[in-house]
Amino acid sequence: MCSSDLGDRVGKGAPLVDLADPDKQLKLQEIETQLAVQRLELEKFRAQPNPAAAQVAAEQIVSLERQIEDFRAQLAMLKLTSPIDGEVVAMPRVEEPPANVEQIELHGWFGSPLDPGNVGALLEPRTNVLCLAPDDRFQVILLVDQLDRGDLQVGEEVEIRFEQVPGETWTGKVVKISPRHAEFAPPSLTNKTGGDLATVSDRQGRERLTSSAYEAVVELDENTVRLRSGLRGNSRFYVGHRSTWQWIWRSEEHTSELQSPCNLVCR
């Protein structure tokens, strides 16, 4: 159950999402029942009297009370609250699986966990539910081909165009470049979803890059009111001096322009 919707401004500590764990809830009820029985047993042994049995029952009660406290703490963690003041922003959407008439098992959720149709859906551990943007600024994540990595430096200005906002160009500066190449690409940037990156799917459903690329973070320095998280596009940046032989070698090895696929994310 979602307590907040996309675009809502929330304060620190505000409720965001209420999750549920039926297995833990059932286990908690079982332990509470056991506790009630042990308390009755303790009263009976004290009335007989039976000090040894009463001592055992008292120890069982202490153990059960500790278990109940632990389970209640775990269930309380399922109520997600906002750690900061900010705006609720959705994570990149999960595509709906293709229809299969031979499919027996029901598929999981798709779209965004915040969609009304996903209320009650099963969320696997470490599922990204939402993110919070402290302000209206955005970061753009570029995937720079290894052949272009030497032409892009921190502090350099880049131009960015998003497919969903045609005809407009944003500019920003590179604030960070990963020292290690990325192994996986966001699904929205792969050629399987209309993007530019060639990938292969692994057993866990991740899209592994077929060629090396490096992530670069760009902070936009213009009005971003029309933008939203998850947009896809391309960036363009200027290169330094290259010899004729370097251009010939690059054209043989890599035929694309000096552009890098990018994905817009909340800051």
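Tutor: Gladly! Let us begin with packing: a contact means heavy atoms within 4.5 Å. In this predicted model, the buried residues of H2 pack against helix H1 (22–47) and strand S3 (79–81).

Student: Which residues of H2 are buried?

Tutor: They are Ala 53, Ala 54, Ala 57, Ile 61, Leu 64, Ile 68, Phe 71 and Leu 75. Buried means under 20% relative accessible area. As for the spacing, an α-helix has 3.6 residues a turn, so residues three or four places apart point the same way.

Student: How do you know what span to expect for helix H2?

Tutor: The expected span is 1.5 Å times one less than the number of residues. H2 covers residues 51–76, which is 26 residues, and the expected value is 38 Å. From first C-alpha to last, H2 reaches 37 Å, close to that expectation.

Student: What makes a group of residues a nonpolar core?

Tutor: Its members are buried residues of types such as Ala, Leu, Ile and Phe, joined through side-chain atoms within 4.5 Å. The largest one here has 18 residues, and Leu 152, Phe 162 and Leu 227 touch the most other members. Strands S6 (138–145), S7 (157–162), S8 (170–177) and S11 (207–220) each give two or more residues to this core. S6 gives the most, with four.

Student: How many residues are in the second core?

Tutor: That separate core has 14 residues, among them Leu 28, Leu 42, Ala 57 and Ile 68. Ala 57 and Ile 68 are also on the list of buried residues of H2.

Student: And the chain as a whole: what share of its residues is buried?

Tutor: Buried residues make up 33% of the 267 residues. The chain has three helices and 13 strands.

Student: How do you know where to be careful with the prediction?

Tutor: Look at pLDDT, the predictor's confidence from 0 to 100. The chain's mean is 78, and 80% of its residues reach 70 or more. Over residues 246–259, however, pLDDT is below 50, although this stretch has 25 contacts beyond near neighbours in sequence in the model.

Methods:
Residues numbered from 1 in each chain as written. Heavy atoms only, no water. Buried < 20%, exposed > 50% of the residue type's maximum accessible area, 1.4 Å probe, protein only.
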